[in-house]
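Biologist: I'm new to this one, so could you take me through a single spot in detail and then work outwards from there?

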Amino acid sequence: MSKQTKLLVLLITVGMICCSSVMAASDFYKSFKSEYNSLLSSLSQKPPAEVAEISDFTYKKDIATFYFETGTIYLLRPTFGRPTTAVFLGKGHASIDVPAGVERNNLFSCSNDSLLEQDFEVCFIRMSDNFDTKLKEKFSFEASNFLWRDYNLSQQGEFFFKPVVMHGRDNLFELLRSAYERADDGYFWIDFNRYVYSFDPNRPEEVEISYEKEGGDITVTRGAVLQRKEKNRSKNSDMSNISYPTRFINRDAEITMGGMDGKVIDNARADISIELLDDSARFIDMYLHFHLKLDSVYYNGTPVDFHRRRDFTFFGIILPEYAHKGDSLNFTLFYHGKDFTTAIPFISDPFATTLGFKFNIRKEYNYLVPSKTEAVDVGSGRATFESRPPQKYSSFSFQPYVSGYDTVTIESNAGIPVHFIQSDYISKKNFQDYVPHDIFQPAVMGAFNFLSARFGTPPGVFELFIFPESSLTMPGFCDISQVHPMVDGTGSIEMDAAAALARQWFGTTTQPST
């Protein structure tokens, strides 16, 4: 191929990429982005506002009742002709009745209060429901400006609402998607004292009560999380009966790995099919580690818009039209970056599915991936292997290790091979709290034999890898650190081994209770 031909191919390729980006920037997304940015505008510059003196006003939002005894309220940041922010200064009271005992206990654990009755003098609200129309039915508002002194009193709520890296979802995205429909049961978020109460109709569990545990926290701690009252799921036994908006049908990925330590995803393509369980939707929620850059999203072979902040795991896909219950939504996502712990996008539904992977790696790299095939040399110092684990996953991780490792295999009482990946780096020379092999391995085997004697063999696990460094624990693969403070000769290694191994039977979120 001549230099001119190569240049032409390169220019056509770049042009196609640029065209894809342009094609994805629809008029709807341009409007969405503009409205999103306007919701970020600072309230410190005396912005236009509607203001009223109010008294004896009660507003109910699912399990919460807010009583505004007397004071001044501002309405700000209009979107589609209606305000999305409210600031109240005066005397008020919040009463929230958490129906489920387990959620009252959770709230008590973070706030030392399970029966929430709070007087307040300042509250900060972000909404896309009927809060503004209810106010205007009873009170007359005048055009004004938001005063600087009142901004100073309300900026705590402004701070906690703004998207930060520790938020699981993008509050502004959730507010705006609800604003397009502006239903009476739309988005409502209120900060008062050290509490945040929020209702989001697009969350699987619509109601959340959070608390600022320590002064100066950059985010609030979720206390009670439950479903809206009308679903009538108030018993402890009902808490896990959750209606999710989407469910995976199929996920396959092709991943090219690189980097000096084999931990960089040079590029990846994921083909994902999702069933819509809600009545209808135009916005689809997904998650991908924020260190991974999402390059483009295709829907049924056509590029579509998506919204993602650089520091968020969450991203929202914007469909070109509404999809309806039972529809199969087919996406292709392209991404890359310096994190591999979430190798494939996932959704909020923890329902697990089978996965298929094809890896392209440098020949000298090693990876712990369940059910991997033998690597095939494809030339240029690279190889490929595939993996289609019999286990099902919601999110998926794997572990690279390049050199300096040995493997010791011990057979369990149940006949399952347990492979200990031993690192030269993890040694007494490098770590004061190093646990030697003659303590580490019996502790792990003791925990595994104890559990398998009572629960049988783990579902679908016919061999087990024990990796001594920090990563995720998943079926067929356990991270059990070999560096522990020593107490009475063994310290906490038995507890950590038991907790990690229990996840083989009970799932990745299993934690010890004592």
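Where is Phe80 found?

Modeller: Phe80 is in the loop between strand E2 (64-79) and strand E3 (82-96). Before going further: this is a predicted model, where local features need pLDDT of at least 70 and side-chain atom pairs count only at pLDDT 80 or more, while totals for chains, interfaces and linings use all residues. Residues are numbered from 1 along each chain as its sequence is written, and side-chain values use heavy atoms, leaving out hydrogens and water. As for the labels, helices (H or I, at least four residues) and strands (E, at least two) are DSSP runs, numbered from the N terminus.

Back to Phe80. Its phi is near 55 degrees, which is a positive value in a residue other than glycine. Phe80 is partly exposed, with a relative accessible area of 41%. Here buried means under 20% relative accessible area, exposed over 50%, and partly exposed in between (1.4 Å probe, protein chains only).

Ser380 sits in the loop between E20 and strand E21 (382-387), and is exposed at 80% relative accessible area.

E20 and E21 lead us to a sheet. It is an open one of 8 strands, in the order E14-E13-E17-E11-E10-E18-E21-E20, with mixed pairing. Strand E14 (302-303) and strand E20 (376-379) are at its edges with a single partner strand each, so one side of each has no neighbour in the sheet. Two strands pair if DSSP finds at least two bridges between them. Within the sheet, strand E11 (residues 264-276) pairs with strand E17 (residues 328-337) in the antiparallel sense over 9 bridges. Ile272 has Phe331 of E17 as its bridge partner.

Now for a strand with a lot of cover. In strand E8 (residues 207-211), 5 of the 5 residues are buried, so the rest of the structure largely encloses it. Both of its faces are covered: Val207, Ile209 and Tyr211 are buried on one side, and Glu208 and Ser210 on the other. E8 pairs with strand E7 (residues 195-199) in the antiparallel sense over 5 bridges, and Ser210 of E8 is the bridge partner of Val196. E8 also runs antiparallel to strand E9 (residues 221-226), joined to it by 5 bridges. There, Val207 is partnered by Leu226 of E9.

One links Asp185 and Arg228, whose closest N and O atoms are 2.9 Å apart. Asp185 is in the loop between helix H6 (171-179) and strand E6 (188-192), and Arg228 is in the loop between E9 and strand E10 (246-258), so the pair ties together parts 43 residues apart in sequence. Asp185 is partly exposed at 33%, while Arg228 is buried at 10%. Both belong to a network of salt bridges that links Asp185, Glu206, Arg228, Glu230 and Lys231.

Another salt bridge joins Arg169 to Glu174, with the closest N and O atoms 2.9 Å apart. Arg169 counts as buried at 13% relative accessibility, and Glu174 is buried at 1%. Arg269 and Asp271 meet in a salt bridge too, at 3.2 Å from N to O. Arg269 is partly exposed at 37%, and Asp271 is partly exposed at 29%.

Some charges gather in a patch instead. Patches are made of residues with over 30% relative accessible area and no salt bridge, joining like charges within 9 Å and nonpolar side chains (Val, Leu, Ile, Met, Phe, Trp, Tyr) within 5 Å. Accessible areas come from the Shrake-Rupley method with a 1.4 Å probe. Asp and Glu count as negative, with the charge placed at CG of Asp or CD of Glu. The negative patch is formed by Asp56, Glu69, Asp97, Glu117, Asp119 and Glu121. Strand E4 (residues 116-127) gives the most to it, with 3 residues. Glu121 is placed in E4 and is exposed at 59%.

Finally, the whole thing. The protein has 8 helices and 26 strands, and buried residues make up 49% of its 514 residues. Its C-alpha atoms fill a box of roughly 75 × 70 × 45 Å along the principal axes.

How values were computed
Salt bridge = Lys/Arg side-chain N within 4 Å of Asp/Glu carboxyl O.
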